[in-house]
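Thanks for asking me to look this one over. My comments follow as numbered points, to be read with the model open beside you.

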Amino acid sequence: MELAYIPSPSRGVLYLGPIPLRGYAFCIIIGVFVAVWLGNKRWIARGGRAGTVADIAVWAVPFGLVGGRLYHVITDYELYFSPGRDWVDAFKVWQGGLGIWGAIALGALGAWIGARRRGVPMPAYADAVAPGIAFAQAIGRWGNWFNQELYGRETHVPWALHITSSEGGRVPGYYHPTFLYESLWCIGVGLLVIWADRRFTLGHGRAFALYVAAYCVGRGWIEYMRVDDAHHILGLRLNDWTALIVFLLAVTYMLISSRKRPGREAVVEPGAVGEVPGDEPAAAGEDGDKAEPDAVEAKAEAKDEAKDEAGSATKKS
């Protein structure tokens, strides 16, 4: 008899009348809100406007959901298109199956579109939302707990996950809770990015690259523990190879970027500049926006020239 274990929920969906309330969907939604909230705070701290992160997220989130589902369906196509399977199930996102690799790739495309529409640099936006994405993943992984999926090898450690469902080929028993391992790892990744960003003043996309590299390290060993069906290449699961390749790309980007573009962006959102140190607040334009950086700089130069002329007049007198 097991004295301690993590119980699985008896059901992953509750019904409010005819409306289904699914735990998996709630975890995804809560994660998105956390990512946008934290990203907004970091964007404002970098000199951006409130609301910009949410406006761009309107593009990034739908693209990310589509990309995550596409990656899952393509890499596990036999679950939907093999004999005896119903291809319609490929659209049932609430049953689980969002690949983070596709979500980040297509989500980045959506964010790029949104960033161009707002006129902000994509690397700066990515840096601002990076830790929030890690925390969103940590929350989203609990959706797998509601669905009793993505667990690891059989074990009898005190924190073992008790699987009770026998649907979809599951075998009831006690397994490593890889969803929990990844959730905790993602929290650590988010905290690491926040610390490194403050300590080293990361910019030009390097905070985001650090998030990607750190996540890949954890995903590699967690993926190795999983026992669900997956495609293997040279003895390694497909996602292990993906994590390795993406890790190398992220580290390479960090090294090249730090040499070519050291430091951090001075302006992340034109028109959102506040006060110039030692000067009075920037004047507002007709539309209520603050003056552009060039106008502020011209004003400061005019003031310096006036001071020089005043000094010369004093000397002559």
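**Notes on the predicted model**

1. Let me begin with helix 8, which is mostly covered: 17 of its 20 residues are buried. Please keep in mind throughout that this is a predicted model. Helix 8 takes in residues 206-225 and reaches 29 Å from its first C-alpha to its last, close to the 28 Å expected at 1.5 Å a residue.

2. Helix 7 passes a similar check on its length. This helix holds 23 residues, 178-200, and at 1.5 Å a residue these should span 33 Å. The C-alpha atoms at its ends are 32 Å apart, which agrees with that expectation.

3. What comes just after helix 7 deserves a look. There, T201 takes a positive phi of about 50 degrees, although T201 is not a glycine. T201 belongs to the loop between helix 7 and helix 8. With a relative accessible area of 39%, T201 counts as partly exposed.

4. You will find L150 in the loop between helix 6 (142-147) and strand 4.

5. How many cavities of 30 Å³ or more does the structure hold? There are 2. The largest cavity has about 40 Å³ of space. Helix 7 gives the largest share of the lining, with 3 residues.

6. An open sheet of 3 strands has the order 1-4-5, and its pairing is mixed. Strand 1 (6-7) and strand 5 (173-175) are at the edges with a single partner strand each, so one side of each has no neighbour in the sheet. Strand 1 runs parallel to strand 4 (residues 161-163), and 2 bridges join them. To find this pairing on screen, look for P7, which stands opposite H162 in strand 4.

7. Strand 2 (residues 13-16) and strand 3 (residues 19-22) pair in the antiparallel sense, over 4 bridges. Together strand 2 and strand 3 form a hairpin with 2 residues between them. In that turn, G17 has a positive phi of about 70 degrees.

8. Are C27 and C186 buried or exposed? C27 is buried, with a relative accessible area of 8%, and C186 is buried as well, at 0%. A disulfide would need a pair of cysteine sulfur atoms within 2.5 Å, and by this rule the count comes to 0 disulfides.

9. Finally, a word on F91. Where does F91 sit? Its place is in the loop between helix 3 (78-81) and helix 4 (100-118). F91 has a relative accessible area of 58% and counts as exposed, because the cut-off for that class is over 50%. F91 and R69 are 22 residues apart in sequence, while their C-alpha atoms are 8.2 Å apart in space.

Notes: Residues are numbered from 1 along each chain as its sequence is written. This is a predicted model: local features need pLDDT of at least 70, side-chain atom pairs count only at pLDDT 80 or more; totals for chains, interfaces and linings use all residues. Side-chain values use heavy atoms; hydrogens and water are left out. Buried means under 20% relative accessible area, exposed over 50%, partly exposed in between (1.4 Å probe, protein chains only). The expected span of a helix is 1.5 Å times one less than its number of residues. On a 1 Å grid over the protein atoms alone, a cavity is a set of points where a 1.4 Å probe fits but cannot get out, and a pocket is an open set with protein on both sides within 12 Å along at least five of seven lines; lining residues have an atom within 4 Å of a point. Grid points are joined across faces, edges and corners, and a volume is the space filled by probe spheres set on the points. Two strands pair if DSSP finds at least two bridges between them.
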